[in-house]
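Here are my notes for your review. Please read them with the structure open.

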Amino acid sequence: MNTHGAMPAKWRWMLALCLLLASLPAGVAADEGSLFGRGALSRPDPDKKDEEAAPADDTEPLPDETPVLQLVIAKLSLAGLERVESKVALGQIRSREGMAVDPQLVADDVRRLFQLGLFDDVRVGLKRLPQKPDATETPVELRFQLLERPSISAIEVRGNTEQSTESINKVIDLRINNLYSPQDAATNVTKIKDLYRDEGFFLATVSHHVEPQPQNQVKVVFDVVERAEVKVREVQLLGNEGIADDDIKAVLRTQEGGVTSIIGKGGNFKPDNLDMDVQILQYLYLTRGYIQAKIDEPIVSLSPDMKYITIAVRIHEGPQFRVGKVSVEGDTVEPADKVVPTLALKPGDIFNYAMVQQDGNKIRDLQKNAGYAHATVENNSVPDMDKRTVDWTYRVQRGKKCFFGQISLAGGTSTRDKVIRREMTFVEGELYSEQKIQQSQARIQRLGYFEKVEIKTKPTAIAQVLDVVVEVKERTTGTFQVGMGFSSIDNFIATMQIAKDNFLGRGQRMSVQGQLSSIRTVFQASFFEPYFLDSNVTFSIDLYRFDQLYTDFSRRATGGGFSWGYRFTDTLIADLGYTGEQVVTTIGGLSGRTTVPVANYFGSGFTSSLRGTLSFDSRDDRMFPTTGWYVSGTAEWANQYIGSDNLFTRFTARIRRFFPLPLDGVLRFNLVGGIIEAPKGKVVPLFERFFVGGIFNVRGYARNSLGPQIAVPSSGDPAASLSAFTIGGTRQLYLNNEVEVPIIKAPMNLRGLMFFDIGNAFGEGQSVLDQGSFPFRMSVGWGIRWFSPVGPLRFEWGVPINPRPGEQPLAFEFTIGNSF
């Protein structure tokens, strides 16, 4: 069969025979030479002359009369398949060998083949086969001639200079080796246009064409004509008297191009922003009392050189209205006379629609928290043109009380149900409460195991019962690391760590780690159970071995500890623990000293201490918080009565505050204070004192370099020169202030920060606040944090304020681990 040409005479004879036997609607067009073209059904024109060459010897002329023999499919064949398997096409064909030819069924076959989206053309023909002399049926071959859609061999963008090919490819969803579709290509043309419009090239044009390639493939080419960026030269506001131009322009998304727009994207014209600005402007006037204000369609004028836009917006302000009477009607759970005084909309004030929305949400939540899940609040206004006031009525329809139905979880592939359910403040069958849904969502998010938590309700067959679906998206909470690296603190580092914050999906925390570097050796194993035996009791245990070099001494500690806690509320936890460790200290450390006469500060032996902690934690996420408080106070007591050789009492307090900022930024504050004292007549051991300076407290200074120092001989020789020896403080106070913003979001997760640190450590007899000179050391700086697959990495540069002799003007540090 000739796919695109005229049909041979022997095929047209059978075609006419089939058509004459069928009752087909007239007027349906198709290509000449085909029974079905692109799913359309046609009749041949009997008056049309045959323009083909003379028929072959095995064909018969078109009969003058309609044949009386029934056409039966003796053979069904496919032609034109290259990549598509025949079983895929045959699966859509309902016509079968042995069946009588049914034109309507064949037409449906063609339509189903097209619906596969694999073919550009589908045509059908009939061919008569040899027939027995006494047969009452005419055997025919039913052939489907298929033209496969080409596949995409390459995708190319031409003409782009202002937008990189990489950025354009990000919005293109065509894929190499997929089948080419003109509709899909046209959709991607629109996406590329939108990309250019978002960047200010709203005059850019994009088209596409295909270039044939061997083996029925095509190259898809997107042709871009960028033209210049169009800047907004001026936004003309006409008719505004009650609100100044500057106040209006401050809230508009469309901004006029200024000096800074020459090097940036400020002032670019974006039609979508202009559409949004009309709504923003209307809302602004509603919040200023102009309830009858109207905004005309903006008039946009393009400069002759097609580089600048002037936008004129006509505003019809109308009079400004104040609030008249405020009332609440309907079946509210609280009497109206108690609700109205609590509303933000007050009689006599300038009308503000933002307060209307606030009040509506408040009244609605009041009903929903009492079980009326379907409660609605409608507004009704009655303006008084003479008094320029508007009476406002909130009409409440609370409906019937509802109850929580089945609670199901979605998305938690590794987390066990009970870990999520125990954070929820409601159970199945309980009276509906919007507040409890919000509280439950916040508590689950605060676990730190999930990137996203959303609690939704859905209706059931019973109108008063709402099922609950808790949708979570898990984040990676476990790490397995074996590696080597370099740190500005530790120099060479070899690490091994296995840690899991949601161990076995039970909400437990388990960690085993080892670290070997030039200044410390760490082996530690720990386990934490937040709900011991599914109760509000917490339990933790850890074992460790720490070898660490300080500036002038080294400390080795081997021991462990455990603690029991109790959760009084969602945010308040008390904890009581015990620590026992064998401590050995020696002179030396990073300075390399071997003999220094400060024996009173050195000591070795067993430390046995009891520790009590009270903490308040309202952070929204314990791993990466953006809002909330963390406050804790700890008291630790080491005494001979509990078997301790080293004697001291220590108090430590921490206050952390987090504020969300625009663009997913975070403002953080971390205030830490501590006091340690020894019994009368004793000295606080050197290894228990406070050492300040470095990336973990006051950045910009050498590690552990701040705080009290004493002058000691550099050796045991009485004639030796004196040198400074850092002995640490018995008091410490420091404050970290950070602003952190994303630089590159997921999956890279790169964030930048700026900080200001202030603090110091103080010795015996020193006052923290009452001194002749300012006692605190300060620094500013910046940094980069990468939340990598192996854990958070910190790269930070600190500049000390008023550095002293011997202190570096710039300190760079990096380490593995999260900030506060």
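1. With which side chain does the side chain of asparagine 240 make a polar contact? The partner is aspartate 245, at 2.7 Å. Keep in mind that this is a predicted model.

2. Asparagine 240 sits in the loop between strand 9 (231-238) and helix 6 (245-249). Its side chain has a polar atom 2.9 Å from the backbone oxygen of isoleucine 243. Is asparagine 240 buried or exposed? Its relative accessibility is 14%, under the 20% cut-off, so asparagine 240 counts as buried. Setting aside neighbours within four places in sequence, asparagine 240 is in contact with Asp245, Ile248, Tyr285, Ile315 and Glu317.

3. Next, a helix pair. Helix 7 (residues 271-287) and helix 9 (residues 353-368) have axes that come within 6 Å and cross at roughly 85°. Helix 7 is therefore roughly perpendicular to helix 9. Which residues meet here? From helix 7 they are Tyr283, Leu286 and Thr287. From helix 9 they are Tyr353, Ala354 and Gln357.

4. Three strands form an open sheet in the order 16-18-17, and the pairing is mixed. Strand 16 (403-410) and strand 17 (450-459) are at the edges. Each has a single partner strand, so one side of each has no neighbour in the sheet. On average, neighbouring strands of this sheet are turned by 20° against each other, direction ignored.

5. How do strand 17 and strand 18 run, parallel or antiparallel? They run antiparallel, and nine bridges join strand 17 to strand 18 (residues 465-474). In general, strands of a sheet pair through backbone hydrogen bonds.

6. What lies across this sheet's strands? Helix 11 (residues 434-446) lies across strand 16, strand 17 and strand 18. Helix 11 runs at about 155° to strand 17.

7. Finally, confidence. The chain has a mean pLDDT of 83, and 84% of its residues reach 70 or more. Residues 1-68 stay under 50, yet the model has 111 contacts beyond four places in sequence for them. A further stretch, residues 259-264, is also below 50. That stretch has four contacts in the model beyond near neighbours in sequence. Where pLDDT is low, predicted coordinates should not be read in detail.

Key: Residues are numbered from 1 along each chain as its sequence is written. This is a predicted model: local features need pLDDT of at least 70, side-chain atom pairs count only at pLDDT 80 or more; totals for chains, interfaces and linings use all residues. Side-chain values use heavy atoms; hydrogens and water are left out. Helices (H or I, at least four residues) and strands (E, at least two) are DSSP runs, numbered from the N terminus. Buried means under 20% relative accessible area, exposed over 50%, partly exposed in between (1.4 Å probe, protein chains only). A polar contact is a pair of N or O atoms within 3.5 Å; within protein, one must be able to donate a hydrogen and the other to accept it, and residues adjacent in sequence count only if both atoms are side-chain atoms. Contact means heavy atoms within 4.5 Å. Two strands pair if DSSP finds at least two bridges between them. Axes are lines fitted to C-alpha atoms, for helices over the stretch in contact, and angles run from 0 to 180 degrees between N-to-C directions. pLDDT is the predictor's confidence in each residue, from 0 to 100. Angles under 35 degrees count as roughly parallel, over 145 as roughly antiparallel, 65 to 115 as roughly perpendicular and the rest as oblique.
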